[in-house]
Amino acid sequence: MLALVLCLALQELKAGAATSDVTPPLGLPIVGGWASPPAGHVHDDLHARCLVLDDGRTRLAIVVVDNVGIARSVLDEARKLVAEETKLPPANLLISSTHTHSACSARDGGSADYAAFVSRRIADGVRRAVRNLEPAKIAWGSAQAPEHVFNRRYFLKEGVRIPDPFGGEDKVLMNPGAGNPDVVKPAGPVDPEVSFLSARAKDGRPLALFATYSLHYVGGVPGDHVSADYFAMFADVLQKLLDADRQDPPFVGAMSNGTSGDVNNVNVLGPREKLAPYEKMRLVATSVAEKVAAAEKAVEWKDAVKLDARLEELVLKSRKPSAELVERSKAILARPKDVKPAHAREVAYAERALKLADAPDEISVPIQALRIGDLGIAAIPFEVFTDIGLEIKKRTPFPRAFTISLANGSYGYLPTPEHHALGGYETWLGTNKVEVQASVKITEKALELLKALR
């Protein structure tokens with residue numbers, strides 16, 4: 001009886017989608033690598049890709065932005081603008097970054113003008129998606145794409161040293177290189193699932209398809225090029241596969257970053273690849289889009305679903321350098337510039353250690369969860385390790401769920417305590433900035449919010 005009453009209470013679903021161009025001006029530094037060359041060419045424009053859903057009582061918006069990781073302050077400003085201009089509750093807006101390494105900074109220390117531009121354009125995109133709302137049907141599903149994802153942290157042969165930039169040693173090495181004879185095995189799992197949410201008009205026209213895949217950027221981009229990486233190529237290929245090219249209003253495809261903090265596209269145990277710029281990106285995007293398009297043909301469509309959202313702050317302790325590390329870092333930075341460092345990143349991490357020594361002792365981060373019918377979505381503002389996403393999928397109260405990384409902020413990497421014990425780039429102080437138990441607390445908070453929605 002309760003199910004019947006709920007079904008009768010549900011109203012007709014509406015969906016609307018739009019994009020906003022967030023391409024930076026040439027000359028701004030491209031961030032994502034150790035160097036930050038000025039942008040000299042735009043290979044493909046960057047966008048904020050927006051999907052708005054309305055069940056007659058609740059309105060949700062999901063935005064995916066082509067950026068390496070947008071600062072919370074920038075996203076909070078976008079959230080404020082959206083709330084003022086569309087009356088959308090702040091908790092009902094999820095904004096994530098794709099983590100392309102070929103974009104310009106929208107963080108502290110970047111261009112304030114560009115950061116303000118990104119906030120404005122995100123809000124404009126949501127407003128346009130609201131204007132495009134129309135009666136729709138919705139479905140969700142997944143495809144498997146295991147051939148493109150590889151854990152990038154590896155155990156090496158016994159006796160092979162893996163120095164860290166703090167004078168110690170790690171137990172695993174990130175990106176040891178294809179064909180490295182010292183590699184033994186990967187240090188963690190991968191998640192091959194491509195989860196997606198698809199919206200179509202009542203007449204069958206594809207309106208939008210939002211996907212998430214636990215794969216870091218693919219790369220293969222010339223150093224001074226601006227590019228949205230495989231995330232945008234996926235959307236481009238998908239609209240052709242769904243016969244949605246040049247529609248009015250335009251179809252919007254989007255790919256968000258899943259839990260890929262320890263995953264990339266390099267098969268270390270396979271042969272070295274020699275590919276032209278953008279070639280591998282196109283191969284991955286086409287393959288994944290084909291799998292999603294095929295899976296979308298078999299989904300169950302619904303024209304009425306319950307929507308809901310929760311967003312809460314979680315206070316975490318900041319990681320701090322020891323007194324010994326502070327003194328060591330000061331000594332490193334006081335040396336003459338021509339002194340050869342013991343580790344290639346020694347100076348950079350000495351600077352980061354001292355910066356963290358002066359940082360606040362606690363940090364508050366937003367954890368969010370959305371409900372779209374029987375689908376649950378967790379949103380975490382870090383580069384989340386795969387183990388965390390797999391655990392949320394395993395323990396979710398929903399029949400299907402997935403996690404989006406770099407959502408509503410960008411606070412660095414989020415390894416599990418077990419990976420902290422192994423060391424490696426993603427766990428270094430300065431790459432990771434929050435307490436070792438942070439992933440445990442965040443996982444429990446995300447699951448708590450999902451259970452409240454269920």
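Mentor: Let's begin with strand 6: 5 of its 5 residues are buried, so strand 6 is largely enclosed by the rest of the structure. Buried means under 20% relative accessible area, with exposed over 50% and partly exposed in between, using a 1.4 Å probe and protein chains only. Strands (E, at least two residues) and helices (H or I, at least four) are DSSP runs, numbered from the N terminus.

Trainee: Before we go on, what sort of model is this?

Mentor: This is a predicted model, in which local features need pLDDT of at least 70 and side-chain atom pairs count only at pLDDT 80 or more, while totals for chains, interfaces and linings use all residues. Residues are numbered from 1 along each chain as its sequence is written, and side-chain values use heavy atoms, with hydrogens and water left out.

Trainee: Back to strand 6, then: which residues point one way and which the other way?

Mentor: Leu 93, Ile 95 and Ser 97 point one way, whereas Leu 94 and Ser 96 point the other way, and all are buried. In a regular strand the side chains alternate between the two faces of the sheet.

Trainee: And which strand does strand 6 pair with in the parallel sense?

Mentor: Strand 5 pairs with strand 6 in the parallel sense, over 5 bridges, where two strands pair if DSSP finds at least two bridges between them. Val 63, for instance, has Ile 95 in strand 6 as its bridge partner.

Trainee: What else is Ile 95 in contact with?

Mentor: Leaving aside neighbours within four places in sequence, Ile 95 is in contact with Val 63, Val 65, Leu 75, Ala 78, Ile 122, Leu 406, Ala 407 and Asn 408, contact being heavy atoms within 4.5 Å.

Trainee: How many residues does the largest nonpolar core have?

Mentor: The largest nonpolar core has 36 residues, and those with the most contacts inside it are Val 63, Val 65, Leu 93, Ile 95, Ile 122 and Val 126. A nonpolar core here is a set of buried Ala, Val, Leu, Ile, Met, Phe, Trp, Tyr and Cys residues joined through side-chain atoms within 4.5 Å. Among the elements that give two or more residues to this core are strand 4 (47-54), strand 5 (59-65), helix 2 (72-86) and strand 6 (93-97), and helix 3 gives the most, with 7 residues. A second, separate core of 33 residues includes Met 233, Leu 242, Tyr 278 and Val 292.

Trainee: Switching topic: where is Leu 28 found?

Mentor: Leu 28 is found in the loop between strand 1 and strand 2 (30-31), and because its relative accessibility is 19%, Leu 28 counts as buried. The C-alpha atoms of Leu 28 and Cys 104 are separated by 6.5 Å, although the two residues are 76 apart along the chain. Not counting residues up to four places away in sequence, Leu 28 touches Pro 37, Pro 38, Ala 39, Cys 104, Ser 111 and Tyr 114.

Trainee: Okay, aromatics now: how many aromatic pairs does the structure hold?

Mentor: The structure holds 10 aromatic pairs. Rings of Phe, Tyr and Trp (its six-membered ring) pair if their centres lie within 6.5 Å, and planes under 30 degrees apart count as stacked, over 60 as edge-to-face and the rest as tilted. Tyr 230 and Phe 231 form a tilted pair, with 4.3 Å centre to centre and 35° between the planes, and both Tyr 230 and Phe 231 are buried. Tyr 349 and Trp 428 form an edge-to-face pair, with 5.1 Å centre to centre and 85° between the planes.

Trainee: Where in the chain do Tyr 349 and Trp 428 lie?

Mentor: That pair links distant parts of the chain, with Tyr 349 in helix 7 (residues 346-357) and Trp 428 in the loop between helix 9 and helix 10, 79 residues apart. Tyr 349 counts as buried because its relative accessibility is 0%, and Trp 428 counts as buried at 10%. Together with Trp 34, Phe 166, Tyr 413 and Tyr 425, these two residues form one aromatic cluster.

Trainee: What lies over the face of Tyr 349?

Mentor: Arg 352 lies over that face, at 4.6 Å from the ring centre; a charge sits over a ring if NZ of Lys or CZ of Arg is within 6 Å of the ring centre and within 35 degrees of the ring normal. The charged end of Lys 137 likewise sits over the ring of Trp 301, 5.6 Å from its centre.
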